[in-house]
Structure formats: structure tokens, C-alpha cells
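I set out to record what I looked up in this model, entry by entry. The entries begin with the contact between the chains and then turn to each chain separately.

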Amino acid sequence: MNEIPEVIRTIPLQYYLFFSSTLFVIGIIGVLTRRNAIIIFMCIELMLNAVNLLLTAFSAYRSDANGQVFVFFIMAVAAAEVCVGLAIIVMIYRNLRSTDINILSNLKW
Amino acid sequence: MNSIILLTSFGILNLFIGFSKSKKIIMPLVLLFLAIVFVVNLIGWNDTQTYFERMLTIDNFAIAFTGVVVLTTILVLPFAQRYVDQQDESLAEYFSLLLFSLVGAIMMVAYENLLMLFVGIEILSISMYVLAGSDKKNLKSNEAGLKYFLMGSFATGILLFGIVLIYGATGTFYISEISSAATAQSNNELTSPLLGMGLLFTLIGISFKVSVAPFHFWTPDVYEGTPTFFMAFMSTVVKAAGFAGFYKLMSVSFAGAQDIWFPTLIAMTVVTLAIGNIGAVAQNSFKRMMAYSSISHAGYLMIALLSFNDRSENAILFYSLAYSVSTVAALGILKIVADQRDDVSYNAFNGLGRTNPLLAAVMAISMCSLGGIPLTGGFFGKLFIFSAALEQDLLWLIILAILMAAVGFYYYFRVIIAMYMREPSGERVQVSALASFALIFMTVLTFVLGIAPGLLSNIL
């Protein structure tokens with residue numbers, strides 16, 4: 001990766017930055033407002049994917065492969081997180097027959 | 001590095017041993033494994049090695065903190081006796097997850113590259129999500145697992161966004177290279193917002209993991225729902241490793257850009273101390289009080305992080321060791337008592353001084369250490385932190401912290417009052433030999449740290 005491919009340079013870096021930040025903010029808003037555990041989970045994945053996209057863009061613009069290697073690590077870790085997370089959600093569904101997080105209010109101040 | 005390899009292979013080996021019919025052999029074996037790791041880890045003292053393209057550096061800092069987390073795990077294990085007695089079928093899995101999560105803790109204290117910090121945090125956290133929800137039939141444990149998982153992965157997303165923005169501003173993931181770029185750029189108007197935002201998001205992400213206010217709100221709920229045995233592990237190992245990683249990031253990468261983050265961290269420290277201590281006063285459940293107490297101790301550790309001189313490494317090390325030992329002792333006793341009296345409130349300890357003098361004495365000493373009474377390790381932990389902060393002219397923060405420590409006496413002493421001044425609320429509690437040995441060892445260690453703090457106070 002010695003030089004920046006022509007295709008990437010046709011879109012300015014700021015656009016990638018704004019696009020990824022928007023995706024990330026959509027993810028955050030989703031986590032804060034939705035009440036279904038699975039949808040919250042999908043919003044978290046959206047945040048991670050915004051990060052991946054931005055990493056790739058920075059990496060391409062800097063002609064530095066490190067950023068793209070980081071993306072592989074994020075994907076692998078996100079897969080591990082999905083396994084554990086879905087297992088926890090299934091466990092809750094078995095006990096409560098619901099994945100709405102408002103039901104979960106046993107632990108309170 | 002050897003300790004990482006050993007922990008991973010022992011973890012896998014332990015899963016195979018789990019197939020055997022008798023569960024009795026597992027706990028002694030895991031203790032043996034951890035003892036081997038502890039010794040092998042210390043052998044590398046004064047011998048700095050780097051691995052994976054300089055992404056991991058095993059230096060004295062990493063070895064010392066690895067020693068603390070491995071020792072803490074050794075001390076936590078004896079309290080799993082009830083799982084052994086009940087022939088719990090997932091016993092080997094629990095212990096393997098503890099071993100694997102220690103790998104993450106070691107990576108968090110030895111990283112030189114943000115990639116390793118991220119992978120370390122995730123290895124530790126993902127094991128903890130499973131263990132928090134490990135009591136599958138218990139709704140509280142389910143809820144703790146889900147809350148911890150959702151909050152934790154949310155924090156991971158924020159941390160990652162911060163790391164990416166830092167990468168965008170500096171073009172590297174190596175913390176030492178970020179340092180030179182950050183110092184050079186802190187005056188450059190063009191890229192500085194990117195770096196500033198990156199630092200802010202990274203701070204938020206790590207604060208979530210070590211439960212520093214205002215990102216602490218998951219802590220009481222998750223700790224209360226988690227089985228006590230795993231709570232003892234979570235509130236000590238995760239905190240010690242998290243703070244070591246946090247300190248390393250701030251001191252190596254962002255020492256030059258101190259004016260950006262210093263006011264933010266000061267404000268977070270004040271809020272953490274206030275919420276942790278005042279929140280703990282209002283609790284009736286001992287377990288929930290310990291969760292708030294862990295928030296307040298995060299506040300004291302933040303003071304060491306802020307003071308930011310050659311003493312603060314040692315102060316963090318000493319404080320985490322003293323805090324971990326006392327917390328494990330307190331939560332271990334809570335587990336023993338709560339298993340038999342089926343109660344996690346202060347009332348569970350009523351009259352313990354008469355029925356179980358040993359448990360009550362150990363509990364009283366660990367409460368004194370957590371509160372910071374002289375002759376115990378916790379006193380010197382606080383003293384080192386305050387003296388490190390004094391060099392940084394943070395006198396008003398020290399005064400606030402001492403006031404908050406005085407508030408701490410109130411809720412720590414409620415347990416002592418319940419143990420010695422109330423009528424017994426139940427029968428004598430049965431304690432296994434291994435657990436009493438561990439409790440006595442922790443008491444001795446607390447006194448050793450409190451009488452001869454010089455043994456540990458200058459090793460880094």
C-alpha cells in the first residue's frame with residue numbers, strides 16, 4: 001500500500017468521517033431509545049460497523065495497513081460478542097418469554 | 001508472555017479435566033495451575049521482553065500487576081467450595097473462563113498498541129458477561145448478565161470509535177508514537193479536534209469498564225445480580241487491570257496533552273468519590289454496598305492516576321493489592337454466610353462475632369482496611385495516593401477524599417456493629433478448611449502491608 005488508490009481519493013476523507021459519525025450516532029440513539037434487547041444489540045453492531053468503515057477509510061488515506069488489520073480483529077471480537085450476547089438473550093427469553101428490557105427491573109436502588 | 005501461554009493451555013486442559021466424574025480434583029488443580037503461573041510470571045522480573053511486533057511489552061509494571069491479578073484469583077478460588085460440594089456440572093467451565101479472562105487482564109497491563117488494549121479488554125469482558133449470567137435459573141443473575149453485556153458492548157463501541165479517531169489524527173496505534181504525535185499536534189488547529197474527540201471517547205469507554213462516575217450506573221445492578229463468587233473476581237481483577245491499563249494509556253500517550261484531559265478527569269474523580277460513598281450509605285444490602293464501595297475506591301485510584309508522577313504507579317499497585325485482598329475477604333465471607341443464611345443484607349451478619357469469631361475478626365479487619373484505618377494495608381494505600389497527589393498541588397482534592405473516607409467509615413462499621421452488637425440471627429456457619437486458610441492468609445497479608453509497606457512501596 002504505497003500509494004492511495006485513485007478511486008478512494010474521488011471521495012474526500014471528510015465525507016467518510018461524516019458518514020461514519022452519522023452511522024455511529026444512529027447506533028447510539030438506537031441503544032438509548034429502543035426497548036427490545038435484540039434491537040439494542042443490532043444498534044451496537046451498527047456502532048461497530050461505523051467504526052470499521054472509518055478505520056478502513058483512514059487506513060486507505062494514510063496508505064497504512066494497520067487500520068485494516070484492526071478491522072479484522074474487531075470483526076472477530078464482534079462475532080464472539082454476538083455468540084455470548086445471543087446466548088444471554090435466549091437464556092432470558094426461556095425464563096421470561098420476552099426480550100423487552102423493561103421487564104428486567106428486579107435490580108433497583 | 002509465558003504466563004499468557006500457560007494460562008491459555010491450562011484453561012483448555014481444565015476443560016478436558018471437566019469431563020471426569022469427580023469434581024473434587026478440579027479446584028486443587030486450578031490452584032496449582034495458578035500457583036505455577038504466579039511463579040513463572042515473577043521469574044521474568046527485571047527482564048523486559050517485547051512480543052508481536054512490539055505490541056506487548058512484559059516489563060516490571062506488567063509483571064507486578066499480573067502478580068496482583070493472579071494472586072487475587074488464587075485467593076478468590078477457595079470460596080467456590082459450595083459449587084464443588086453441589087457437584088455443579090459447569091464447574092470446570094467457570095474456572096476455565098476465569099483463567100482465560102486473566103489472559104485478557106495480562107494483555108491490558110502489558111499492551112504497547114491500542115489493538116492489544118482492545119483485545120485484552122474484550123477477552124476479559126466477554127468472559128465476565130458469561131460469568132455474570134452464570135446462575136441460569138436466577139432472574140437476578142440473568143438480568144445482571146444482560147445489563148453487563150449491553151452496557152459493556154456499548155462501551156466497547158465508544159472506546160473503539162475513540163481509538164479510530166486517535167488513529168485518524170496520529171496515524172498509529174502504538175501508544176509511544178501517539179505520544180509524540182499528540183504533543184506535536186495539541187497546538188495544531190486542524191487535526192486537534194479529531195484527537196480531542198478521540199481522547200474523549202476513549203476516556204468514556206475505559207471509564208465504563210472501571211466504573212468511574214458518571215459511567216458507573218451499571219455497577220450496583222450488575223454486581224448485585226452476579227453470583228457473589230464471581231463478583232469478588234469482577235470487582236477486584238477487572239478494576240486492578242483496568243486501572244493499570246488506564247494509567248498506562250494516560251501516562252505514555254497523553255502526558256503531553258495534559259491540559260486537554262486534566263479538568264475532565266478531575267471533575268469525574270470528584271463525582272465518583274461523592275456518588276460512591278454517599279450511594280453506599282443509603283444501601284441496606286451488604287452486597288450492593290460493596291458495589292458502591294468499589295465505585296468509591298475507583299475514585300481514590302483516579303486520584304493516583306491524576307497525580308501523575310513517578311510515585312503514582314507504585315501507589316496504584318499498592319492500593320489495588322490492598323483493596324483486592326480486603327474485598328475478596330469481605331465478599332468471601334459474604335458468600336459463606338449468605339449461602340447458609342440466604343440473605344445478603346447487613347442482617348445476615350447479625351451476631352457473627354459470637355457464632356463465628358474467626359469470620360467476624362477477618363471481616364472486621366478487612367472493613368478497617370477498606371476504610372483506611374492505620375496498621376492495615378488500606379491505610380498505606382490511601383497514604384501513598386494522597387502523598388503522590390500532594391506533589392501535584394491537589395490539596396483540595398485530598399481534603400475532599402479524606403472527608404469521603406470518613407463517610408466510608410459509617411457504612412463499613414455498620415457491618416462490624418451488626419456482627420458484634422446484635423443477637424445472632426442463625427446457627428453457626430460452616431466454613432471449609434481451605435476457605436479459612438485463605439481468610440487467615442488475607443488477614444496476615446493485610447497486616448503485612450500495613451506494618452511493613454516498604455516491602456512493596458518502591459518496587460516499580
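**Entry 1. Interface.** I looked up the contact between the two chains in this predicted model. I find 32 residues of chain A in contact with 30 residues of chain B. On the chain A side, I note that α2 (13–33), α3 (37–62) and α4 (66–96) each supply at least two residues. Helix α4(A) gives the largest share, 15 residues. By class, I recorded 23 nonpolar, six polar and three charged residues on this side of chain A.

**Entry 2. Chain A overall.** I read four helices and zero strands in chain A, with the pattern α-α-α-α along the sequence. I then checked the radius of gyration: chain A has 18 Å, well over the 13 Å that the globule rule gives for 109 residues, so chain A is more spread out than a compact globule. Its C-alpha atoms fill a box of roughly 55 × 25 × 25 Å along the principal axes. I noted that 28% of the 109 residues count as buried. Of the contacts in chain A with a separation of 6 or more, 49% join residues 24 or more positions apart.

Entry 3. I consulted UniProt, where an unreviewed entry lists residues 13–32, 39–58 and 70–93 of chain A under "transmembrane region". I compared two of these spans with the model. Residues 13–32 are 100% helix and 0% strand, with the end C-alpha atoms 29 Å apart. Residues 70–93 are likewise 100% helix and 0% strand, and there the end C-alpha atoms lie 34 Å apart.

**Entry 4. Chain B overall.** I count 20 helices and two strands in chain B. For 460 residues a compact globule would have a radius of gyration near 23 Å, and the 21 Å of chain B agrees with this. The C-alpha atoms fill a box of roughly 70 × 50 × 40 Å along the principal axes. I recorded 61% of the 460 residues as buried. Residues 24 or more positions apart account for 80% of the contacts in chain B with a separation of 6 or more.

**Entry 5. Helix α10(B).** I asked how many of the eight residues of α10(B) (218–225) are buried. Eight of the eight are, so the helix is largely enclosed by the rest of the structure. Among them I list W218(B), D221(B), Y223(B) and E224(B). The buried residues of α10(B) pack against α6 (114–132), α7 (139–170), α11 and α13 (286–307) of chain B.

**Entry 6. Helices α11(B) and α14(B).** I examined α11(B) (228–253) and α14(B) (312–341), whose axes come within 8 Å and cross at roughly 170 degrees. An angle over 145 degrees counts as roughly antiparallel, and the two helices are therefore roughly antiparallel to each other. The residues in α11(B) that meet α14(B) include F229(B), A240(B), F243(B) and Y247(B); those in α14(B) include E313(B), I316(B), L331(B) and K335(B). I sorted the residues of this contact into 12 nonpolar, seven polar and two charged.

**Entry 7. S436(B).** I located S436(B) in helix α19 (433–451) of chain B. It has 16 C-beta neighbours inside 10 Å and therefore counts as partly exposed. Leaving aside neighbours within four places in sequence, I find S436(B) in contact with L358(B) and V431(B). I also looked up F79(B), 357 residues apart from S436(B) along the chain: their C-alpha atoms are separated by 9.4 Å.

Key: Residues numbered from 1 in each chain as written. Chains lettered and ligands numbered in written order. Predicted model: local features only at pLDDT ≥ 70, side-chain atom pairs only at ≥ 80, totals over all residues. Axes fitted to C-alpha atoms, helices over the stretch in contact; angles between N-to-C directions. Parallel < 35°, antiparallel > 145°, perpendicular 65-115°, else oblique. Contact = placed C-beta atoms within 7 Å. Nonpolar A, V, L, I, M, F, W, Y, C, P; charged D, E, K, R; others polar. Buried ≥ 20, exposed ≤ 12 C-beta atoms within 10 Å, placed from the backbone. Rg over C-alpha atoms; globule rule 2.2 N^0.38 Å. UniProt positions renumbered as here; feature names shortened; annotations may be inferred.
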